[in-house]
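Subject: Handing over the structure, with notes

Dear colleague,

I am passing the structure on to you with this email, and I would be glad if you kept it open while you read. My notes come after it.

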Amino acid sequence: MMFTNEQISAYLNSLLDLCPDETDEFYFDLVEKKHPVIRRDVAKFLTQIIMLKQPVKILEIGTNVGYSAIVMAKHLKNGRIYSIDYRADNHEIARKNFIKFGVDDRIELLTGYGSEILKDLKDKFDLIFIDADKKGYDAYLDYAAEHLNQGGIIIADNLYWKGAVITPDQKEDERNITASLIEFNKKFTTLKGFNSQVLSIGDGLGFAIKEK
């Protein structure tokens, strides 16, 4: 018997308990409003990585209204998140959400286009989470590979693109996003100096560790 990715995802999500983070109500509200948001299994995975790694400096490319930053920040002990989004209105909402969840002291918002902000961001990071405009993924990966500490982690969301990268001829691709992600996935999984793969979590989650 074959199972669809949606069936598997629904089953796994039914097993997840994010209540200790008190973010479930926030998540389901975003889903109801059809707001872009990482899936709950991705959120769970991020919290596990934070708990395991306890990164000191995290870069998030794509804040939206702050859900992913919140689930990471709630498990940080001494780390700090620098989160980029080009929309000032997203950051205004995100800032209020950070205060609501008591993590505003652990997150710094950088408002502007990622391509512009990253030009001046010379820091090194322990974890870089990419979840922004898909056409920009290639440039973000180049930045991440150069600005990650040894043993650091790159995580990139939506690499299945709702299955379009697997069956590209069956999906509309007016913006050429599918073709871009197909090439990105090849580059990501063969990234020199990294141990990389794409995990069947959420909508396809890229996971790469910089070799020491």
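The notes below go from the sheet to the cores and then to a few single residues.

Please keep in mind that this is a predicted model, in which local features need pLDDT of at least 70 and side-chain atom pairs count only at pLDDT 80 or more, while totals for chains, interfaces and linings use all residues. Residues are numbered from 1 along each chain as its sequence is written, and side-chain values use heavy atoms, with hydrogens and water left out.

The sheet

Seven strands form an open sheet with mixed pairing, and their order is β3-β2-β1-β4-β5-β7-β6. Helices (H or I, at least four residues) and strands (E, at least two) are DSSP runs that are numbered from the N terminus, and two strands are said to pair if DSSP finds at least two bridges between them. At the edges stand β3 and β6, each of which pairs on one side only, and from one strand to the next the twist averages 15°. For this and the other angles, axes are lines fitted to C-alpha atoms, for helices over the stretch in contact, and angles run from 0 to 180 degrees between N-to-C directions.

Helix α5 packs on it, touching β2 and β3, and its direction makes about 170° with that of β3, whereas helix α8 (residues 177-189) lies across β5, β6 and β7 and runs at about 140° to β6. Contact, here and below, means heavy atoms within 4.5 Å.

The cores

A nonpolar core is a set of buried Ala, Val, Leu, Ile, Met, Phe, Trp, Tyr and Cys residues joined through side-chain atoms within 4.5 Å. The largest one has 34 residues, of which Phe45, Tyr67, Met72, Phe98, Ile107 and Ile155 touch the most other members. Among the elements that each supply at least two residues of this core are α3 (40-53), α5 (88-100) and β5 (148-156). There is a second, separate core of 30 residues, which includes Leu59, Ala132, Leu181 and Ala208.

Single residues

Which residue is buried yet has no salt bridge? Aspartate 85, found in strand β2 (residues 80-85), is such a residue, and the nearest side chain of opposite charge, arginine 87, is 5.6 Å away. A salt bridge is a side-chain nitrogen of Lys or Arg within 4 Å of a carboxyl oxygen of Asp or Glu; Lys and Arg count as positive and Asp and Glu as negative, while His and the chain ends are not counted. Not counting residues up to four places away in sequence, the residues that aspartate 85 touches include Gly62, Asn64 and His91.

Glycine 62 lies in the loop between β1 and α4 and, at 10% relative accessibility, counts as buried. Glycine 62 and tyrosine 86 are 24 residues apart in sequence and 8.2 Å apart in space, C-alpha to C-alpha. In the loop between β1 (57-61) and α4 we also find asparagine 64, whose phi is near 55°, a positive value in a residue other than glycine.

Asparagine 176, in the loop between β5 and α8, likewise is not a glycine and has a positive phi of about 65°; at 38% relative accessibility it counts as partly exposed. Threonine 178 lies in helix α8, and at 3% relative accessibility this threonine counts as buried.

With best wishes

Technical notes
Buried means under 20% relative accessible area, exposed over 50%, partly exposed in between (1.4 Å probe, protein chains only).
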